[in-house]
Amino acid sequence: NLFFSSTRFKEETGWILCVRKQKWNGGVSSYQELVACFTLVLESLECGEIQPWIHHGSSSLLSKLIQQSYHGKMEAVSLTGITPVQMLLEIGLDKMKKDYVSFFIGQELATLTSLDCFISTSVDLQEQVHCVQKLHHMLEIMVSCTVLLQFKHESLFPSTQICIKYYRENPLDEKHVFQLPVSSALVKKFYPDSHPEVWKVDISSGHGPKEVKTTWQVSTNPPVEHMMSNNTGVSSYQELVACFTLVLESLECGEIQPWIHHGSSSLLSKLIQQSYHGKMEAVSLTGITPVQMLLEIGLDKMKKDYVSFFIGQELATLTSLDCFISTSVDLQEQVHCVQKLHHMLEIMVSCTVLLQFKHESLFPSTQICIKYYRENPLDEKHVFQLPVSSALVKKFYPDSHPEVWKVDISSGHGPKEVKTTWQVSTNPPVEHMMSNNTGVSSYQELVACFTLVLESLECGEIQPWIHHGSSSLLSKLIQQSYHGKMEAVSLTGITPVQMLLEIGLDKMKKDYVSFFIGQELATLTSLDCFISTSVDLQEQVHCVQKLHHMLEIMVSCTVLLQFKHESLFPSTQICIKYYRENPLDEKHVFQLPVSSALVKKFYPDSHPEVWKVDISSGHGPKEVKTTWQVSTNPPVEHMMSNNTGLLSDSTVNAGIEEKMYFITVVKCSQVHFR
């Protein structure tokens, strides 16, 4: 028998269920036991003994009855025929849908919107079963790719999208062969001692007598290249002509049908395409034609390799590289484009090997190079201004702490060459001028320091660099000094202190924003309201305090709870959303998404089934503190499972049947529950 007791209370988001369960020996093993179980559940609902929590969007018959029970009215249900089985099937489908969807969303392989068609409850049960089978098939494919091929997320995500797209439009077909994007590097581990040059691929479509099977045997090398290599290679013009003659004869008689890259416009590619239809124009292999054909093949191969590098390393998109791989220009221009790609590759490799750049530095550096070469001719002596933080190069001067760097930038050649020398501080603008052996320890020293800075600016002795977007008084004066005109500033009253405060706020905003963006926890757009300079200084100080509070929360979550990025990101968004709309409140309790798995390491030798949660709101005499003690088992689902539950020693008696309890306790400082 099942016995339930519950206390219901609402806290904006939903219902909490408390269930007390007596052990159901052996589970539900027959139709009669199933009917008895549902009869007991419905009776308990009707008399108000239980008020379970239900998932949002659930449309099963049991969910509807539970909803009706909240209002004290339940329609009569006849537990005869297939009704009990149907109710059990609905519960199972709800659970399985939730599990599958949690997997795909939790692994960031799909969004809830893309999975909507598989979890819809507007279709009949038979169709819902088929949808769950589709989800299961997709899960099997992803698990197989992960375990057998050791796919990473960058390969699993597009593979999942291919499966989802197919099953959105087609019925379940467990024998369907999906064409997933698998690079040779992923399967290279399976042939470490061999170097295959030819692969065989079988593709089937249809079933039974209508089945069509196509076999492709293709070379892993670019098209026809292996046909042009022998023991000594092609070492003369005559051998090159002989090689192309052999290739064209083989194409014409249909002996070979090589694969060609999409978008290739070389002469050989056109001839291969024509050979598919049994018609090939005559080509005279004289003069520069064979050399031109060889050059076209080489350019195609090199373009493909360079583009694969930039896209594979997520440094550029195909669209941004289009101008470098275009075939609508002459061969000379195509060669220049390939040289540009090679120069950009050299820069990125140098930054990676010598400066040990990570992706967050390589990506903007690549964009700078691409932008330059889209508008300018090849210039291997051009000095690119790449965003390099002092932390990246600090390892090259471990025993010194340089405060000034000299940078030479050149443009043009010969008599038109322009060389500019910048001498800049690694510290924020003018900060190093405001530091001496003892620091600035008084108002008088602060005034003296700013006086020196303004005099140096006015006479052109210094031209410091300023951050883009800075609107402090000192930044405006520095900008004016570039043009040789500076307004007079009276360093009296609170002006020097205000200038110092503006410098400090600029520095702190930059540091906090760098942290959140560098850790990929927020975008500059989402942080705009915290770094705005259009508000007064008092409000800017409050904004910096908000950033500091959010930083403290994230660092605490990282150090104490060891949050990973997938938990830190939504937590940061919750904090940002709150502070965009509310004033600073360091005592505010944020409700962050923490799964039990994240805190499991704190109780390795125990298996808690009951948790206690304290929630506070208000302050002083109006403070309300609510304590919840709830079972960690999911609501309703454990009602019909043989779960061991939580033992209560006070109910154990050798003379009676052992009972298992799932208890919810509620305590509130200002509200009394019955």
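Start by selecting Phe103, which is partly exposed because its relative accessible area is 25% (buried is under 20%, exposed over 50%, partly exposed in between, with a 1.4 Å probe and protein chains only). This is a predicted model: local features need pLDDT of at least 70 and side-chain atom pairs pLDDT 80 or more, while totals for chains, interfaces and linings use all residues. Residues are numbered from 1 along each chain as its sequence is written, and side-chain values use heavy atoms, with hydrogens and water left out.

How far apart are the ring centres of Phe103 and Phe104? They lie 5.2 Å apart with planes at 80°, so the pair is edge-to-face (Phe, Tyr and Trp rings, the six-membered one for Trp, pair with centres within 6.5 Å; planes under 30 degrees apart are stacked, over 60 edge-to-face, the rest tilted).

Next, select Tyr373 and Phe384, another edge-to-face pair, at 5.9 Å and 65°. Tyr373 sits in helix α13 (residues 359–375) and Phe384 in the loop between α13 and α14 (390–393), so the pair ties together parts 11 residues apart in sequence. Helices here are DSSP runs of H or I with at least four residues, numbered from the N terminus. Tyr373 is buried at 1%, and Phe384 is buried at 13%.

For a cluster, pick Tyr166, Tyr167 and Phe178, which ring pairs link together. The model has 12 aromatic pairs by this rule.

Finally, go to Val85 in helix α3 (residues 83–106), partly exposed at 43%.

Terms used:
Helix = DSSP H or I, 4+ residues; strand = E, 2+ residues; numbered from the N terminus.
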